[in-house]
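Q: I am new to this structure and would like to learn how to read it, one feature after another. Could we begin with a single residue and then widen the view?

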Amino acid sequence: MDTLKKTPLYDVHIALGGKMVDFGGWALPVQYSSILEEHKAVRERCGLFDVSHMGELWVSGEGAFPYLQYMLTNDITTMTPGRCRYSMVCYEDGGTVDDVLVYKYSDTDYLVVVNASNTEKDFEWFAAHAIPTVQVENKSAEYAQLALQGPKFMQVLEAAGVEGAIPEKNYTFVQETKVAGIPCIVSRTGYTGEDGVELYCAAKDGPALHAALMEAGKCVNMLPCGLGARDTLRFEASMPLYGHEMDANVTPMETGISFAVKLNKEDFIGKEALLAPAKRIRIGLKLIARGIAREHADVYLGEKRVGHVTSGSPAPTLGGNYAMALVDLEDSEAPVYEIEVRGRRLKAEKTAMPFYKRAK
Amino acid sequence: MTPNDRKYTKEHEWLLIEGNVAKIGITDHAQDALGDIVYVELPAVGDAVEAGASFAVVESVKAASEIYCAVSGKVVEINEALDGAPEEINNDPYGAFIAAVEFETLEGIELLTAEEYEAFVAEEN
């Protein structure tokens with residue numbers, strides 16, 4: 001554990017009894033109380049996550065807009081300042097470098113939030129493609145990031161004290177709002193399938209912001225939540241996770257994220273490869289048989305192996321066990337599949353994603 | 001508290017021995033390390049089991065864990081209640097046995113007392 005990287009909230013996790021694990025080189029809590037209880041808190045009330053391990057890359061300069069337009073699969077032409085946009089970053093062959101969230105400050109200033117374990121790789125990728133009119137800076141260590149998620153998040157923010165605006169629309173952000181007196185970037189985003197915000201503050205302010213939100217959260221019986229619940233929540237909402245649903249060998253088309261790939265925009269890295277028809281696609285499965293299919297389990301149609309499970313777990317809100325699988329496109333329309341688990345074949349029916357969708 | 005009425009293994013299982021039958025479950029330390037248990041794959045009554053081999057699987061939200069049988073013999077009883085309520089292992093680890101095994105011998109099998117097991121866990125941490 002001593003060799004792992006620590007977020008600014010490390011001591012807070014220890015004090016709250018977090019069960020610390022190695023998550024891609026970071027010491028983070030998998031849970032504080034119980035994954036199921038924390039999952040439920042987010043669906044029904046509110047939960048607070050430390051996501052400070054996420055990477056923050058700043059892209060600035062006169063060439064920032066055309067540069068990012070070339071680096072990203074999504075189209076940022078229609079973005080106005082104050083908007084966030086989900087995008088993929090691809091290799092020339094269409095494989096996925098990472099999935100990122102882009103925050104537009106202006107045509108010359110963008111924040112790109114990347115997956116923790118990809119931060120170095122992404123920074124090198126962006127830097128290697130930088131043009132003279134663009135600066136790319138890795139400012140990950142300067143920020144703490146907290147995710148406040150769940151239907152009662154606004155009550156928690158209000159109880160903590162807000163000076164400034166809270167973004168009203170999904171995928172928008174406010175550059176500076178004080179929460180509990182602490183300056184934060186506040187974005188109406190998340191990775192749980194619930195409404196909520198993500199707050200970015202100076203690393204040194206992270207523990208104070210966490211403490212203030214924990215105190216404020218008492219009014220809705222909020223729980224601090226770990227990576228375990230973060231994973232079951234995103235899984236239920238069928239959100240892909242880098243290293244599972246996608247990686248350098250999987251294209252965004254195969255991950256089923258074609259909405260974030262704009263093939264009609266001018267050139268971008270990976271465009272040519274992504275124009276070719278995909279051979280595989282991500283599907284959703286619900287286990288009919290008892291048992292849990294985990295990542296890497298083989299998926300069969302009769303005797304033919306057609307793919308593998310990318311994520312599999314119980315879906316606590318829905319009940320039952322679900323899986324996401326990457327299967328051959330030609331075999332992606334069957335009603336029932338079999339998944340091999342410890343030498344046995346478990347039947348699973350194809351089901352629509354997202355598995356869970358919150359009522360609006 | 002680790003009950004004194006039974007034996008323990010270094011794989012964090014307990015054996016409550018009566019005559020030549022051992023009820024087998026997992027320790028409080030094991031359930032705590034696993035977290036919320038959501039499924040138990042039980043053996044079948046009549047299954048032959050071998051010392052050191054996996055004979056059941058306990059699944060938490062995050063992962064599947066094999067449960068190893070400390071003794072060789074035959075499964076004579078399973079805790080079917082775990083089918084509908086696997087969380088009983090979290091709630092009552094020393095009450096919720098997984099299966100009972102009729103064994104041939106305890107000779108050559110390393111079993112710890114409660115005190116020895118607690119020392120082993122303390123050392124492991």
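A: Let us begin with Gln145(A), which lies in strand β10 (residues 143-149) of chain A; strands (E, at least two residues) and helices (H or I, at least four) are DSSP runs, numbered from the N terminus. This is a predicted model, in which local features need pLDDT of at least 70 and side-chain atom pairs count only at pLDDT 80 or more, while totals for chains, interfaces and linings use all residues, and side-chain values use heavy atoms, with hydrogens and water left out. Residues are numbered from 1 along each chain as its sequence is written, with chains lettered from A and ligands numbered from 1 in the order in which they are written.

Q: Is Gln145(A) buried or exposed?

A: Buried means under 20% relative accessible area, exposed over 50%, and partly exposed in between, with a 1.4 Å probe and protein chains only. Gln145(A) has a relative accessible area of 2% and is therefore buried.

Q: Which residues does Gln145(A) touch?

A: A contact means heavy atoms within 4.5 Å. Leaving aside residues up to four places away in sequence, Gln145(A) touches a set that includes Phe49(A), Asp50(A), Val113(A), Glu198(A) and Tyr200(A).

Q: How many residues of helix α7 (residues 227-236) of chain A are buried?

A: Nine of the 10 residues of α7(A) are buried, and the helix is mostly covered; among them are Leu227(A), Arg230(A), Phe235(A) and Glu236(A). The cover over these buried residues includes β2 (19-23), α2 (35-44) and β18 (304-314) of chain A. After α7(A) comes Ser238(A), whose phi is positive, near 55°.

Q: Where do the buried residues of helix α4 (residues 114-124) of chain B fall, seen down its axis?

A: The buried residues of this helix are Ala114(B), Tyr117(B), Phe120(B) and Val121(B). Seen down the axis of α4(B), they fall within an arc of 120°, so they line one face of the helix; the arc is that of the directions from the helix axis to the C-beta atoms. These buried residues pack against β1 (7-8) and α1 (28-34) of chain B, whereas Glu115(B), Ala122(B) and Glu123(B), on the other side of α4(B), are exposed.

Q: What is the secondary structure of chain B as a whole?

A: Chain B has four helices and nine strands. Its radius of gyration is 13 Å, close to the 14 Å that the globule rule gives for 125 residues, so chain B is as compact as a globular protein of that length; the radius is taken over C-alpha atoms, and the rule is 2.2 Å times the number of residues to the power 0.38. Buried residues make up 48% of the 125 residues in chain B.
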